[in-house]
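Trainee: I would like to go through this model and ask what stands behind each label.
Mentor: Go ahead.

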Amino acid sequence: MVGIGTEHLRDADDAILRVEDLVVEFSVDGGTLRAVAGVSFDVQAGETLSIVGESGCGKSTTAKAVIHLEEPADGVVTFGDAELSALTGAELREVRRELQMIFQDPISSLNPRRAVRDIIQEPAHIWEMEELWGDEEIDEMMTEVGIDPQYGDRRPYQFSGGQCQRISIARALVLNPKVLIADEPVSALDVSVQAQILNLLDDLKSDFQLTLLFISHDLAVVRNISDRVVVMYLGRVAEIGDADSLFDNPSHPYTRTLLAAVPGSGLEADDSISGELPSPLNPPTGCRFHTRCPYATEICISEVPVFTQQDPDHWVACHHPQ
Ligand SMILES: Nc1ncnc2c1ncn2[C@@H]1O[C@H](COP(=O)(O)OP(=O)(O)O)[C@@H](O)[C@H]1O
Ligand code: SF4
Ligand SMILES: [Mg+2]
């Protein structure tokens with residue numbers, strides 16, 4: 001068995017993006033590192049799905065595999081009706097346009113030598129969509145993301161981190177994507193700026209009819225913007241479901257630890273949950289969280305937990321859900 005099951009996936013016909021038993025491996029000194037070890041989730045059009053989990057648990061690798069920036073070792077990614085691994089040529093190019101990604105560090109992901117207006121316009125050239133993006137349309141896009149077009153000739157270093165993230169969002173939207181994958185888009189920003197960027201993403205979602213795949217190591221950040229949440233632990237899904245159900249009723253001990261760190265969650269941090277994330281090169285047997293879990297018993301060490309249903313749209317992979 002590669003993962004921990006796909007029972008939690010909804011009707012395939014309703015999904016814009018569906019990931020089944022995704023596996024991603026890297027060859028490293030010491031062997032094969034399985035960064036993603038059988039992850040499944042689905043996203044419906046217009047939803048915001050957040051993937052959360054501590055640094056190193058495989059969030060970015062999952063996202064990159066979804067857009068085939070990393071080649072999956074196993075698993076199926078379906079976008080609309082198309083299975084991504086089966087696409088080549090023009091079809092793959094079209095899907096690449098429709099799935100856009102923005103990253104954590106906006107300043108370093110923008111070309112430092114170019115004017116921001118050109119940076120925003122560049123994808124339109126690459127994808128032969130210039131006729132859609134003249135100066136006037138670029139001005140409108142800048143206004144839409146909250147950058148005054150009169151500063152269009154400035155370079156990225158002349159803007160703040162939050163402004164650079166706005167610019168990289170504009171650059172992604174020029175391609176009129178269906179899905180925007182935002183990999184820790186606010187993690188490098190001050191808390192006050194984080195809220196502004198989250199609000200902007202939420203507004204753009206309806207204006208541009210986007211589906212959002214939002215990645216964060218911080219559950220507090222995703223609370224207000226998510227329709228659904230995936231909690232990942234060491235390359236696997238620990239818990240997945242409707243955001244209200246998951247936040248009101250966190251069932252996986254790992255989710256509860258993450259939530260306990262959020263001020264006002266009402267959960268007490270459990271002192272016995274400590275230590276470092278184990279290496280995916282040598283993951284624990286059975287439940288991968290057993291080395292840090294205060295509720296672990298014999299079965300947790302020997303058997304991989306499969307998903308059980310907590311609520312109609314809320315699933316947890318744990319032998320002893322809380
Ligand atoms: N290119 C790579 N080569 C080798 N190991 C990698 C590579 N990219 C990621 N990893 C490893 O895969 C695991 C998951 O990393 P990542 O997906 O970046 O996690 P996250 O985004 O949740 O912080 C980590 O152990 C990381 O060291
Ligand atoms: S399966 Fe066992 S070790 Fe894993 S989270 Fe549940 S109780 Fe803890
Ligand atoms: Mg990451």
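Trainee: Where is the place of Ile-138?
Mentor: Ile-138 sits in helix 4, which covers residues 135–145. Keep in mind that this is a predicted model.

Trainee: Why is Ile-138 called buried?
Mentor: Buried means under 20% relative accessible area. Ile-138 has a relative accessible area of 0%, so the residue is buried.

Trainee: Which residues is Ile-138 in contact with, leaving aside its neighbours within four places in sequence?
Mentor: They are Arg-117, Ile-120, Gln-121, Trp-133 and Val-174. Contact here requires heavy atoms within 4.5 Å.

Trainee: How do you know whether helix 1 is enclosed by the rest of the structure?
Mentor: Count its buried residues. Helix 1 spans residues 59–66, and six of these eight residues are buried, so the helix is largely enclosed by the rest of the structure. The six are Lys-59, Thr-61, Thr-62, Ala-63, Ala-65 and Val-66.

Trainee: Which residue follows helix 1, and what is its phi?
Mentor: His-68 follows, with a positive phi near 60 degrees.

Trainee: Which residues of helix 2 are buried?
Mentor: In helix 2, residues 89–98, the buried ones are Val-95, Arg-97 and Glu-98.

Trainee: What puts them on the same side of helix 2?
Mentor: The arc they cover around the axis is only 155 degrees, and therefore they lie on the same side of helix 2.

Trainee: What covers the buried residues of helix 2?
Mentor: The cover includes strand 4 (74–79), strand 6 (99–102) and strand 7 (179–183).

Trainee: Now the whole chain. How does its radius of gyration stand against that of a compact globule?
Mentor: For 322 residues, a compact globule would have a radius of gyration near 20 Å; the chain has 20 Å, so the two agree. The C-alpha atoms fill a box of roughly 65 × 45 × 45 Å along the principal axes.

Trainee: How many helices and strands does the chain have?
Mentor: Its secondary structure comes to 10 helices and 12 strands.

Trainee: What share of the residues counts as buried?
Mentor: Of the 322 residues, 52%. As for the surface, the chain exposes about 14500 Å², and carbon and sulfur atoms supply 44% of that area.

Trainee: How many positive and negative side chains are there?
Mentor: The chain has 23 positive and 53 negative side chains, and the centres of the two sets lie 5 Å apart.

Key
Residues are numbered from 1 along each chain as its sequence is written. Chains are lettered from A and ligands numbered from 1 in the order in which they are written. This is a predicted model: local features need pLDDT of at least 70, side-chain atom pairs count only at pLDDT 80 or more; totals for chains, interfaces and linings use all residues. Side-chain values use heavy atoms; hydrogens and water are left out. Helices (H or I, at least four residues) and strands (E, at least two) are DSSP runs, numbered from the N terminus. The radius of gyration is taken over C-alpha atoms; the globule rule is 2.2 Å times the number of residues to the power 0.38. Buried means under 20% relative accessible area, exposed over 50%, partly exposed in between (1.4 Å probe, protein chains only). Accessible areas come from the Shrake-Rupley method with a 1.4 Å probe; for residues, only the protein chains shown count as cover. Lys and Arg count as positive and Asp and Glu as negative; His and the chain ends are not counted. The place of a charge is taken as NZ of Lys, CZ of Arg, CG of Asp or CD of Glu. The arc is that of the directions from the helix axis to the C-beta atoms.
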